[in-house]
Structures are given as structure tokens and as C-alpha cells.
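Have a look at the structure first, then read on.

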Amino acid sequence: MMNIGISRISAPSRTHIRRLLSLLLAALLALTACLVLPSASADDSSNRQTATANDQTAEVSGPRKVDVTGTIHVEGRDWKHSPSEGARIAVKYDKGTVAVNGESIVSQFEASADGTFSAELPVPTKANSDKPWLAGTEHTIHFLSGSLKDGDPSRNAVLRVTVAGQAESSEQAQPWVSATSSANSGSAATIDVAPFTTGEDAVFHLIGKGWKTADGKSGSIVSIKVNYRAPSGRIDQYARRDQVISDHLASLGKSKDSTSWVLLVPKGTATQDPEHGLYTIDQTGSFDITVKAPEELRHGKTGQYVTVTAQSGRNLDGDVQRLAVTGPIPVNGEAAQPIQETSDVRCTTQVTRPTARIENKDVARGGKLHLVGEGWCNPGGKTGAPQVAVKLDNGSFSHLDQTLHSNRSIWALVDPDPATGVLDAWIRLPDGTAATSVPEYPDGAHSLRLLSGALRAGDLSVSFGGRGSLDFTVGEYRPNGAAPALGLDELTEGSRHDVRVTREGTRITVEVPGRHPGKWVRATPYAEAAPRNQWGSGWVRLDDKRSLSYDLPDDAAAGDYRLVVQDGENEDFGKLLGWDRLTIPGKARGSHAEVAPAQGRGTQGTQQSSQSRAHAAPASGRDSGSEQTSASGAGPASPAAVRGMTSLGRIQEQTPRHARVRRVLRAPGVIAYPWGHAAHQPTQRVVASLRDAGNDTHHHARSHTRSQAPSSGRSRAQNSAHDSQGPNAEGEEAGFTLKVLTWNNVLLVLAGALLLAMILYLTHKPPQSASQASEASAAPEASDD
């Protein structure tokens, strides 16, 4: 009987426990729903950010990502005018460069007395702004006080947002814009440009293929220009304010060009500097780069006229003359209409390719050249003739202002006959003073370069002329500019031609038995395939003993060289007359940047180290007396070095392919020094022998790169990127932890655990005792009785 009583009592107890567990589970689920469901419609905590104003008191909060179809909800705290009054706040987008409904102040409001505010801001779209925010773009929202209400403290807080979701328009993404070069020789090349979106950090994405030298052993030197339509209606080019590209060209003995927005050089001949537009191109002539756009274009308007020009052939010996001009690039999803200046007559010619010649090859300073030519017709239709730009010595001389064109190296503009394509023009030359050209125009040998295709959309793309095609002489003949660079394959034992070099102290004497007295020659030291024009003789005449003498400059780096002698006479300009070896003894002076060339006759085992040192001493500009240097204090390898290194197949990439540094990882055990400390390290000249070059190739390459890093814009960009990426990575990990350890998730886990316990309890059958079992079996027997 006692056992029966206990069984009857335990059944109601279990019922009460079930009811209690059910109520507790329902309460937990209801509480979790109250917390979770509202957050589904509001911004997730991971999508919120808070920025502190410059006074370190006021704050503003808002989303990290915004949708183009909605509004931007923002909140603020401690925006006070006084202890009992709120400040008046103005809101601007992208530093005020983006207007909404025609107003750069997109919203303004007054905070409450306690300094708080809550507002909904409009998203710039095509319907309300000429600079709509598009999906995937990044922007800034600026909250300002101090100018709208007298006595307000001056504050500025900035939220950085990314546009998510789909753009308003259902149109498909704009296709890339492509252009193919019309090569005078060799194979054609292409360039593709991605649609452009304005913004503070807007970039151009460029992909090129086929930009190779004529022998196919190296990538070309490619100049890329960004064209726009000026208020006057003419096509101009954006110009760089820095001098990195111009200094690099000058170090190659070429003319400076501020309108080259990007300069691509063969890998291994220079260190990339993406911040200033200097990139490398691989051996196949391909590139894939993103480059920051000109400031005027980053703040440009939707649908404005923008095209891109790519050209090669003027800055590297043995290169192919190419010119490719794209059609209008879409800006914020809209492309401008092509500009086509048509003619009323069809241009016809019997000439298959444009040609030109100079009728009077001898002219006085300030005189006029008579330029004539044929075949200058635009292809197809009634489109007339292309406008032709004329440059002096490949652009080595420039106008003093931009009256003629934004590219001051364009000396004259010529319009051939639109019906026949005949070119007939007189070109006035500088008078040799600083009042007419930069630099002053000297007597001697000069040439013209004719270019078309970049000045007007739809024009025939042509590059014609240069030395050997359009030569002329001003006053008495004398050679000008650097001699054509030679490759290692030309400087063989068989090409020495009994040239003899002797040195007494800094005095160098060169005997040239194969040339007559009085002839123009030039002696140039070569470090491997890299000419050191600034340490050579310049153009001089041979004396009665068929020899020349000159003094080495104080900055000549120690090492072993080939002293190469070339002809300067007009009919044999640049011809190799012979060479001999020259050793400059080492001295423990100078700077670390002045690295001596490797020793040895051949290139085995030394090519790599010579490449790393090819930047150390720049080649000269037009004349031997010039001392052009690059912005980083070290000049790149010469065009000949480019050919020599690429043909030997030993080029190694010195910098990452892409301009942007996504994340910098530090190897274990590597000590990273701040740039400020590295910049103050003591410097000394390094004189490397063949033995040192063979043993320490990689060491020198690394140490040289490190020594250059402080002065490189790209290195500074990498350093700042490293500093910014580190905290971001830590913030991402912290954000992930906060996303997991939320009250919502904790309550869901508790509810799940409680539900599991309840199921286990309800499905568990308690064991029966022996007396209960006997009673259960006895009960039927009693019933039968």
C-alpha cells in the first residue's frame, strides 16, 4: 500500500515539472524573439560605426554600408552649443564635392538641448545628383558645426561608408573600352580601360597586351595619357605636378613629359612607383594596373569626355612606333558622345602610308623649316585629314607656356589638306635663347617627330620621323643628344677595333685608330649594358693623334667598365668605333646610392647584381654636361640595359605586380624599423668587385632596395597601408567575437539547452521497483476473481 501511495504522488509532481519547464521555455523564446526580430529590420551591430569629432567630445554614429534605394540613419551625441542648447550641424558628402538637389550641404539640423540628434540623410542618385553613389564605391560623410550658428564650437566628424546593394538602373554594367594600335612596324597592341567612377580615391584600371619591342625580347616603354575636352573645345591632356616620370625619362636621355600620366618600363630596369605613375611591363608586353586618376577627374561630372592614349617607340631604342586612342570612357555609368570633326570632302591619296620630308635641311637659328608630305588622310568616309603635332628632337624642347597646347613639348600643329592628305607647312624654330624655348636650342643636328591620332577623336594614328627620317642642321653641324645605346651583344671582343684607353689619375685618354682627326666622336663608360653618359667625354673632335682626352668627374663610381667610342658624324651617327676596358679605382666616399658596376668580361654570375645597381647612376640627358637624376636619387638603367637584360632572360620582378597593397605580413624573426630611423642610417659608397657581386648578389639587391625605400612614394604608401591594415585586421577579429558573443545568441543557446533537457525528461521512463512490478502483475488476477 505504501508503494502505491508513492506512485500516485510522483505522477502529479512530474506534471507540475513539465508545466514549469514549458512556461520557462516559452518565456525564453519570447524574450529572444523580442531581441532578435527588431534587429532584423534595424542595422546589424556589425554594420554600425562611431566617429569622434576633432574636439574629442562630440560623436556621430551611422552605418558602414548604405543602400542606394534607402536613406542613411545617423545619430549624434554631445553636439552642444552651450550647456542648455544644441549646436547646428551641416552635413556634406565627399568633402563637399557631391551635391544633392543642387546643394553641397545635403542636410542641416539643430541638436537637442542635451546635444543629441537623429536624422535621415539622402543617398546621392542619378535622380538627385550629378555624382551618384554607385554600388561598391566608398564615400565620406562630414558632420560640421561652427559656421551655421554664432558661437558654435568648430567641429568635424567623418563617417566612411560603402555603397551596397544594386544600383538604381537595371542596365547591365558598362563594357570596357578597347583600342588597338596602328603600328608602323611589328605587331599591333591593345589597351582596355574599365568604366570610371568618380570619388576621392577613384582609379583607372588599365590592361594592355602586345606592347613589345621589334625583336620581341622586351616590353616596350609605354606612355599612357588621359585626354579631356577643354572649355575651348580642344582636346588636352591632364598633366602631373610631380616630376618622377619626367626625371626617369631624362635619366634615359629622353625628353621630360609631364602629360604622361603613366609610364610603363620593362621589368628589371626600374623600381615601380605607383603613387607617381611609374609601373613595369612584362617581357610579353602585357600589363594590368590600377592607377589613381587626376584630381580634376576624381571630382568630375557624370558623362564628361575622357579618353586614354597609349603610345610607344619614342623612349626606347629598337622599339615599335605605336599609338592607340580609346573612345570615350564611361564616367559614373555614362559615356560622352565621340567627337568627330568631319569634312565636306572625302580625303583620297595614292600613298599607302603617310610620309614626310624636310626640303631645307640646313637652317639658321630662329629660321623656318619647310615640311612636306603625302598620305595624311583619315580612313573611310568624309573625315578629312588628321591634325599633326610636330615635336623637336622627340619633345626635348618645349614652349614657355601652354598657349598652343597643354603639352608644351608640342612645338607646332599642322593640318594637311583635307581632300588630298598633302602636308605642306613652314615650322619656325627657336632662336637659341631662353626667351623662345626650354632649354635653349643649340646649333647642330636636330630632328622632327610627327604625331597624329591623340589630338582629335577619329584621327589616323601615326608616329613618324625622328633621327634618320626627318633630320636637319641648325648653323654649323655638331652632334646633339646622347648616342644610341648599344647592347651587350654588340660589345664583343671582335668589335674592340684596337681602341686603346689609358688613365692617369682622373685624366682619361682614348686612342681611336679607325677614325680620322677632326671627326666627331663620343666616349661613354658602360657598366654591363648600361651607359654612364655623365661620366663620359661628351661629343668631341679627335685631335691630330686620333685621340681624345677628358677628366673624370668627382662623382664617378669605382669599378670596371667598357669605355665605348661612337661616331658623331651625321652620316654615321652612333656607329660603334670600338671599345676598351677602363678601371676606376675605389674610394671610400660618396653615398650608398652610387654603386659601382660589376667587374668581369662576361655577364655570368653578375647580371643580377648589375641589374640591382642599374638604378644607382642615371644616364645623362641631352648633353654630357647635364646631370639629371630621378626623384628617388637614383637613375634607372638605360635603353640598352633594357635590351641587354631582357635578351639574357635574367630579369626578375622587383616589386609586386599590383599597385595597391592589400595587407603586409611580417615574417617571423624579421625586425621592422620605422622609416624615420632608416632614413638616418649612415651612408657610404659600395665598390663591388666580381667576387663580391658573385657572392653577395642577393644581399646587395636587398640592401639597395631598403636604402631607397625612404624616398620612394610607393614605399611610403606600403608603410601607411601596413599601419592601417594592422588595426583593421584586429578590428575584424574583435568584430567577429562581438558578433558571436551577443545576448541574442546566448539566449538562443539557453533556450535550446532547456528544450533539449525537457525532451530528455519527458522521454525518460523511470525504472519500476519490484513491489510495483508485483502489484502490476497481481492486479489482473484480482480482477479475474
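## Cavities and a cross-link

Strands β25 and β28 each supply at least two residues of the lining of the largest cavity; helices (H or I, at least four residues) and strands (E, at least two) are DSSP runs, numbered from the N terminus. This is a predicted model, in which local features need pLDDT of at least 70 and side-chain atom pairs count only at pLDDT 80 or more, while totals for chains, interfaces and linings use all residues. Residues are numbered from 1 along each chain as its sequence is written, and side-chain values use heavy atoms, without hydrogens and water.

The largest cavity has a volume of about 120 Å³. Among its 13 lining residues, Gln237, Gln311, Ala389, Leu451 and Ala454 are the closest to its centre. A cavity here is a set of points on a 1 Å grid over the protein atoms alone where a 1.4 Å probe fits but cannot get out, and lining residues have an atom within 4 Å of a point. Volume is the space filled by probe spheres set on the points, which are joined across faces, edges and corners.

Now to the disulfide, a pair of cysteine sulfur atoms within 2.5 Å. Cys347 and Cys377 are joined this way, with S to S 1.9 Å. They sit 30 residues apart, linking distant parts of the chain.

Buried means under 20% relative accessible area, exposed over 50%, and partly exposed in between (1.4 Å probe, protein chains only).

| Residue | Relative accessible area | Class |
|---|---|---|
| Cys347 | 10% | buried |
| Cys377 | 10% | buried |
| Gly458 | 47% | partly exposed |

Technical notes:
1 Å grid on protein atoms, 1.4 Å probe; cavity = no way out; pocket = protein on both sides within 12 Å on 5 of 7 lines; lining within 4 Å.
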